[in-house]
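The questions below ask what stands behind some of the terms used for this entry. Each answer sets a value against a cut-off.

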Amino acid sequence: MPERRPTRSLPGALRSLRTPADPGFWRSPVRGARFTAVLGIVLLAGLTLLFVTGLLSYAAYNPDLNPVNDKTPGKGLLGFYLFSWPTGPHWLYRLTQGLHVTIGIVLVPVLLAKLWSVIPRLFALPPARSVGHALERLSLLLLIGGALFQFITGLLNIQLDYLFPGSFYTLHFYGAWVFLAGFVTHTVLKAPQAVRVLRNGIPRGEPDTLAAPDPLPATLSRRGALAMVGAGSLLLLITSAGRSFDGPLRRIALLTPRGGTDPGPGPNAFQVNKTAAAVRITPADTGERWRLTVRGPAGEFRFSRAELLAMEQHSAALPIACVEGWSTSDQQWRGVRLSDLAALAGFPDRPPGVFVESLQRGGSFRKTALRDNQVRDGRSLLALEVNGAPLSPDHGYPARIIVPAAPGVLNTKWVETLTFGEL
Ligand SMILES: Nc1nc2c(c(=O)[nH]1)N[C@H]1C(S)=C(S)[C@@H](COP(=O)(O)O)O[C@H]1N2
Ligand SMILES: [Mo]
């Protein structure tokens, strides 16, 4: 007969008096150093990629060009890495942001399992055994608080379509750096230990301090529990990644906006972010009365849609790739080159950046600033047509911006004014 541990024989009433600070309170046989180490290493790789793609996403929408792109106050030193986002390859933002959002969703079960695996530690007493231990626990506050904050704001933003109008970037930007401080500290302190446990196991004679001292009988092995976490992540991957692809993959992307259904037939049948009706743009605004204003050192010019169509037309096959992670396949856009309009405005040689204003009166994203390298790219258009037909009202009729490799937010719809050189 196996020896019964004394704690096992505690009467039920007494056992229920245990507090979470008592190691015997936590009884799942799944907790243990190996289980935590596997999840920790997965998170180390995944969260690193998440952080890097997040920084790239921030750089991609030209936050330092004009406050209309980003109002994050005093980002100061934290903006040290910003660079001018390239225009090629044309699917660049589709890739980086698709990865960012998809990794974020797929890591949710891993993050939750990891937090669950170490939860007894959260209640351990005394709260700090030494100054070092106190600092370590403080860094956990940044790590766990930062990670939960980032996951929650990110998920709400992609699922609920801009829950935090205007403030999401600021929240998510500062949250990322708070999270990073905890993440780096925690990695330095814990990663060597996790690698050691995974390589060599726990040294003989040493206790597994993450395992329950008084476990309940197992109903699931540790390996089985890890497999369940993996299956959860896989399910999320299958039901979310598809919104970056057309066809059958988009149809099974049931859990995210812009997934689940095919865009349908017709030249303008691809995903719409905000409809014209949603931002109260009426046919009267975009009809015969509409004029495009182009401004620059050469003066101010106004063009009707017919006049724009009479200019030299160029084509570009480019996707729409939203910050929320969804994207479309390449669409065939046709219209006037931004660099040709810059030449008209008085910049015949080296076009500068451009300030774009939509006729949309309220809400975010009605004004944007594009950088000179974006204006110079021959594929950057003031598009008038898509896939062989005039733009539909929802895709920005009478004219919209389309720029290679740029985030969807910079592809302003229902354009009214282009001011070259003054950002
Ligand atoms: N005027 C205006 N332009 C806009 C927006 C907007 O809200 N208003 N949304 C932007 C965003 S966030 C994206 S992702 C793309 C989506 O373009 P689509 O609706 O044609 O797919 O338009 C961009 N252009
Ligand atoms: Mo977007």
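Q: Which residues are the closest to ligand 1, and what makes a residue count as one that surrounds ligand 1?
A: In this predicted model, 20 residues surround ligand 1, and the closest are Gln271, Gln360, His395, Arg400 and Lys413. A residue counts if one of its heavy atoms lies within 4 Å of the molecule.

Q: How much of the accessible area of ligand 1 does the protein cover?
A: On its own, ligand 1 has 530 Å² of accessible area, and the protein covers 100% of that. The space taken by ligand 1 is the second largest cavity.

Q: Why is Arg18 called buried?
A: Its relative accessible area is 12%. Buried means under 20%, so Arg18 is buried. Arg18 lies in the loop between α1 (12-15) and α2 (33-60).

Q: How do you know that the side chains of Arg18 and Asp214 make a polar contact?
A: The distance between them is 3.4 Å, and the limit is 3.5 Å, so the pair qualifies. A polar atom of the Arg18 side chain also lies 2.7 Å from the backbone oxygen of Gly24.

Q: Is Lys114 buried or exposed, and why?
A: Lys114 has a relative accessible area of 13%. That is under 20%, so Lys114 counts as buried. Lys114 is found in helix α4 (residues 108-117).

Q: What is Lys114 in contact with, leaving aside its neighbours within four places in sequence?
A: Lys114 is in contact with Thr36, Leu39, Gly40, Leu43 and His186; contact here requires heavy atoms within 4.5 Å. Lys114 and Val229 are 115 residues apart along the chain, and their C-alpha atoms are separated by 9.9 Å.

Q: What share of the chain counts as buried?
A: The value is 47% of the 423 residues. The secondary structure comes to 13 helices and 10 strands.

Technical notes
Residues numbered from 1 in each chain as written. Chains lettered and ligands numbered in written order. Predicted model: local features only at pLDDT ≥ 70, side-chain atom pairs only at ≥ 80, totals over all residues. Heavy atoms only, no water. Helix = DSSP H or I, 4+ residues; strand = E, 2+ residues; numbered from the N terminus. Buried < 20%, exposed > 50% of the residue type's maximum accessible area, 1.4 Å probe, protein only. Polar contact = N/O pair within 3.5 Å; in protein donor to acceptor, adjacent residues only side chain to side chain. Areas by Shrake-Rupley, 256 points an atom, 1.4 Å probe, with all protein chains shown as cover. 1 Å grid on protein atoms, 1.4 Å probe; cavity = no way out; pocket = protein on both sides within 12 Å on 5 of 7 lines; lining within 4 Å. Sits in = over half its atoms within 2 Å of the grid points.
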